[in-house]
Amino acid sequence: MKFLHVADLHLDSPLRTQAARDSAMVVSLRAASRQVLARLVDAALAEDVDAVLFAGDTFDNGVADVASRAALATELSRLARARIPAVLIQGNHDALLDLDRYGPVSHALTVLTPDAPTCRVGEASVHGMGFTAAHVTESLLPRYPRPEPGRWNIGLMHTSLDGAPGHDPYAPCALADLVGHGFEYWALGHIHKRAVYESEGTLVVMPGIPQGRSIRETEGGSTTLVEIDLAGVRAREVPLELLRFARVPVDFAGVADQAGRDARLRAELEALAEGDVMIAARLEAAGSPAEMGDPRMLEAQAREAAEALAGVFVDRVRLRPVGRAPDAEAAEDISSLMRADAATLGFRDEVQAQMAELRAALPPEIRDVLDDDRLDELIEVGVETMALRLGTGRAEQ
C-alpha cells in the first residue's frame, strides 16, 4: 500500500519576506500554500496512492476564509474522482475550526476525532485524533486505539514530541512510547523541520512544513510517500515547495571596491540559480566595514545582481562584521534567548495587544504595516537589529 503524508500546510498563511516586495515574486507566489496543496494532489494522482494523510494544521487558524476552504474542497474533489480518500486530524492552529461550516467538505474526507479515532483504508487501519483545544498539554497517546491484528496500523498525530526549540510543548509524547505502541508507521505533524526515526520495525516521520513562510523555515518543502508491504515500511520525500528560503554566507575578505563586492555577490547568487524552485536568499555578509562598504549600497548591489537571475530573490542582507568574535558570539546567544521568549504565547499575546493599540493611533491608510499577519516578520527584524547592534558594539544604528 502507498500513502502520502503531509502536515502543516497552513493554507493562506502569508510569506514573510522582504523579497515579496519584488513584483515578479508576488505574481509567482500568489496563494503559494494553495498551489502547494494542488501539487500535493498532483503527486497523489501520479503515485496512485491509497490515501492522503493530513497530520494537522491544514489551515492556519480557526477562522479560515472561504477561498482557502474552497481550495481544499476543489483538491479533495480531484482525489475523490480518482477514488483516493483523505484522512485528516486538526492541529493546534486549526483546532477550533468548524470544517463543516458551509456543509460537508467532501465525501472523500474522513476527520478523525477522539470519538471516532479509526478509519480503514484497504488493508490498513489509520488511527488518530485531532486537537479539540488550541493548546493540548498532555500526551494523546494513551487515548489511541491499540493495533488491529492482521492489518497495517498507521498513527496520525500532531505533537511536539519531546520538545523542539521555538515550539511550545503541544501534546508532548516520547519517541520510545510511539515505537512501543505497535504501529508500523507514525505520520506526525507540528514541527516544521523534517525528521525521520526508525526503530524496532516502526517508522516515525515528521515531514516538515511543505512550504516555508520565512527565513526561519529553511527545511521541509515536501510531502512524504509511504510504502508498506511484507518487506516493511519505507518513506521518501516528494518535493512540493514553490519557494525555498536560504541563508547564504558571503565573505568579502580582501575586497577593496564596489566591483569586487559585485563579483562576490553574483558568484554566490548564481550558485543558487539551479532547479525549478525559486529562492529567497538571506545574505549574511562577513568582512570588515571597509570591505563590506555602505550597507545600503551593498543591499542595492545584491538586489541588482539577483534581478539578472531567474527565480532568485534577495530577502535581505545581514551584516556580520569580523574582528569582534566575543561580541558576536554573545549577540548570537542573546538573540537565541530573545527568539525563544518571542515564541511563547504570553509574549505574542502582549505584543499583539500593543500592536492593536498602535494601529488604532495610526492613519487608516498605513495601519496594515502593523497587521497581526506581520508579527513574525516584525519580531525577526527586531531580534536581528538588536543582534547586529550588540555584535558591532554600536548603541545606535
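1. His-192 is buried, at a relative accessible area of 13% (buried means under 20%, exposed over 50% and partly exposed in between, with a 1.4 Å probe and protein chains only). The residue lies in the loop between strand S8 (185-189) and strand S9 (195-199); helices (H or I, at least four residues) and strands (E, at least two) are DSSP runs, numbered from the N terminus.

2. This is a predicted model, in which local features need pLDDT of at least 70 and side-chain atom pairs count only at pLDDT 80 or more, while totals for chains, interfaces and linings use all residues. Residues are numbered from 1 along each chain as its sequence is written, and side-chain values use heavy atoms, with hydrogens and water left out.

3. The side chain of His-192 forms a polar contact of 2.7 Å with that of Glu-217 and another, of 3.3 Å, with that of His-10. A polar contact is a pair of N or O atoms within 3.5 Å; within protein, one must be able to donate a hydrogen and the other to accept it, and residues adjacent in sequence count only if both atoms are side-chain atoms.

4. Most residues other than glycine have a negative phi. Asp-12, in the loop between strand S1 (2-6) and helix H1 (23-28), has a positive phi of about 70 degrees. Asp-12 is partly exposed, with a relative accessible area of 26%.

5. Leu-161 also is not a glycine and has a positive phi, of about 55 degrees. Leu-161 sits in the loop between strand S7 (152-158) and helix H4 (175-180) and is buried, with a relative accessible area of 8%.
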